[in-house]
Amino acid sequence: DLVRGGELDVAEANVIVSGGRGIKGPENFALIRRLAEALGAAVGASRAVVDAGWIDHAHQVGQTGKVVSPTLYVACGISGAIQHLAGMKKSDFVVAINTDKDAPIGEVADVLVVADLKRFVPILTEKVKSLRG
């Protein structure tokens, strides 16, 4: 199922790449979208960035957004507020990318990458693209 703009709906997606306040600005959703595109994933978001007007509510994951259960959930710059975790806790495998090694998202993540997502995500995106041909 698609949301406006032809993007995958997070509620239906097998793979989701989500952005939170840690992406630092709406312009950095371009990084999230490029990684999502490379993975064939939907773009998700935390309530904080939806409330800030960085992205449409259709992308929101959490208690006041959509509850998701993808095979892979990539959380970029999401601290892991309890309301967000409630929306994505059924994910099979969670990769969190965060500069804070103690962020609550680390408690539920299968893999925690402690890195600046503005440096790490473009490298990961290129690697995914090269693997997919």
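Trainee: Which hand does the crossing of α1 and α5 have?
Mentor: Left-handed, meaning that the near helix is turned anticlockwise from the far one by less than a right angle. Bear in mind that this is a predicted model, where local features need pLDDT of at least 70 and side-chain atom pairs count only at pLDDT 80 or more, while totals for chains, interfaces and linings use all residues. Numbering runs from 1 along each chain as its sequence is written, and side-chain values use heavy atoms, with hydrogens and water left out.

Trainee: How do the axes of α1 and α5 sit relative to each other?
Mentor: The two axes come within 9 Å and cross at roughly 20 degrees. Axes here are lines fitted to C-alpha atoms, for helices over the stretch in contact, with angles from 0 to 180 degrees between N-to-C directions.

Trainee: Which residues make the contact?
Mentor: On α1, L31, R34, L35, A38 and L39. From α5 come L117, K118, V121, P122, L124, T125, V128, K129 and R132. Contact means heavy atoms within 4.5 Å.

Trainee: And which α1 residues are buried?
Mentor: F29, L31, I32, L35, A36 and A38. Buried is under 20% relative accessible area, exposed is over 50%, and partly exposed is in between (1.4 Å probe, protein chains only). Those α1 residues pack against β3, β4, α2 (47–51), β5 and α5. Just after α1, G40 takes a positive phi of about 65 degrees.

Trainee: Switching to the sheet: what's the strand order?
Mentor: β4-β3-β5-β6-β7, five strands in an open sheet with parallel pairing. The edges are β4 (42–45) and β7 (111–114), each pairing on one side only. From one strand to the next, the twist averages 20 degrees. Strands (E, at least two residues) and helices (H or I, at least four) are DSSP runs numbered from the N terminus, and two strands pair if DSSP finds at least two bridges between them.

Trainee: How many bridges between β3 and β4?
Mentor: Four, in the parallel sense, with β3 covering residues 15–19.

Trainee: Where do the helices pack?
Mentor: Helix α1 (residues 29–39) packs on the sheet and touches β3, β4 and β5 (72–76), its direction making about 175 degrees with that of β3. Helix α5 (residues 117–132) also packs on the sheet, touching β5, β6 (93–98) and β7, at about 135 degrees to the direction of β6.

Trainee: What about β3's other partner, β5?
Mentor: Five bridges join β3 to β5, again running parallel. I16 has Y73 as its bridge partner in β5.

Trainee: Which way do the β3 side chains point?
Mentor: V15, V17 and G19 go one way, I16 and S18 the other, and all are buried. In a regular strand the side chains alternate between the two faces of the sheet.

Trainee: Last one: is H84 buried or exposed?
Mentor: Buried, at a relative accessible area of 5%. H84 lies in α3 (residues 82–88). Leaving out residues up to four places away in sequence, H84 touches A45, S46, V61, G62, Y73 and I78. V61 is 23 residues from H84 along the chain, yet their C-alpha atoms are separated by 6.2 Å.
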